[in-house]
Amino acid sequence: MNVRFARETYDYLEELVAVLFQKEYFSWLDTSEQYVRELVDDIQSSLPKRPHKRAPERFARYGEDLHYASFVKNKRTTWYAFFTKYEAESEDTIYLVRYIANNHTVAQHL
């Protein structure tokens, strides 16, 4: 199984590092980078094993046949990875993460 990120998702994650630091969720930029790195590592290592649900129609702009899985980071924040699953010719399953958001921005739509 192979977990990949769409270019737009990588761009968002890079911006997320700066936003978390600028809004003072973290006091140091290194800590913000570590938080995002750990989120990415968690998604890459465990997405194929996590329970997932079909994403509501509201998220169709991010891709067809979209699903999502949740990743709890602390008591207040859960991240959602929205992805499409592909069966590759090599019989390896590819999970393409197309969008990432947290409970503060999308929970009311799930």
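Visitor: What order do the five strands take in the open sheet?
Guide: In this predicted model, the order is E1-E5-E4-E3-E2. The sheet is open and its pairing is mixed.

Visitor: Which are the edge strands?
Guide: Strand E1 (2-5) and strand E2 (53-54). Each of them pairs on one side only.

Visitor: Take E2. In what sense does E2 pair with E3?
Guide: Antiparallel, over two bridges. Strand E3 covers residues 67-72. Across that pairing, Arg54 stands opposite His67 in E3.

Visitor: And the helices? Where does H1 touch the sheet?
Guide: Helix H1 (residues 7-22) packs on the sheet and touches E1, strand E4 (78-87) and strand E5 (93-102). The direction of H1 makes about 40° with that of E5.

Visitor: What does H2 touch?
Guide: E1, E3, E4 and E5. Helix H2 spans residues 29-46 and also packs on the sheet. Its direction makes about 140° with that of E1.

Visitor: Back to the strands. Do E1 and E5 run parallel or antiparallel?
Guide: E1 and E5 run parallel, joined by four bridges. Val3 has Tyr95 in E5 as its bridge partner.

Visitor: How many bridges join E4 to E5?
Guide: Nine, and these two strands run antiparallel. Within that pairing, Phe83 is bridged to Val97 of E5.

Visitor: How many residues sit between E4 and E5 in their hairpin?
Guide: Five. Glu91 lies in the turn and has a positive phi of about 65°.

Visitor: What about E3 and E4, how many bridges there?
Guide: Six, with the strands antiparallel. E3 and E4 form a hairpin too, with five residues between them. Val72 has its bridge partner in E4, namely Thr78.

Visitor: Stay on Thr78. Is Thr78 buried or exposed?
Guide: Buried. Its relative accessible area is 16%, and the cut-off for buried is under 20%. Thr78 is found in strand E4.

Visitor: Which residues is Thr78 in contact with, leaving aside neighbours within four places in sequence?
Guide: Ser70, Phe71 and Val72, then Ala101, Asn102 and Asn103.

Visitor: Why is E4 described as largely enclosed?
Guide: Because seven of the ten residues of E4 are buried, the rest of the structure largely encloses this strand.

Visitor: And E5, how many of its ten residues are buried?
Guide: Eight, so E5 is likewise largely enclosed by the rest of the structure.

Visitor: New topic, pockets. How much space lies in the largest pocket?
Guide: About 430 Å³.

Visitor: Which residues lie nearest the centre of the largest pocket?
Guide: Leu20, Tyr25, Trp79, Asn102 and His104. The lining has 17 residues.

Visitor: Which elements each supply at least two residues of that lining?
Guide: H1, E5 and helix H3 (103-106).

Visitor: Which one gives the most to the lining of the largest pocket?
Guide: H1, with five residues.

Visitor: What classes make up the lining of the largest pocket?
Guide: Nine residues are nonpolar, five are polar and three are charged.

How values were computed
Residues numbered from 1 in each chain as written. Predicted model: local features only at pLDDT ≥ 70, side-chain atom pairs only at ≥ 80, totals over all residues. Heavy atoms only, no water. Pairing = 2+ DSSP bridges. Contact = heavy atoms within 4.5 Å. Axes fitted to C-alpha atoms, helices over the stretch in contact; angles between N-to-C directions. 1 Å grid on protein atoms, 1.4 Å probe; cavity = no way out; pocket = protein on both sides within 12 Å on 5 of 7 lines; lining within 4 Å. Points joined across faces, edges and corners; volume = space filled by probe spheres on them. Nonpolar A, V, L, I, M, F, W, Y, C, P; charged D, E, K, R; others polar. Buried < 20%, exposed > 50% of the residue type's maximum accessible area, 1.4 Å probe, protein only.
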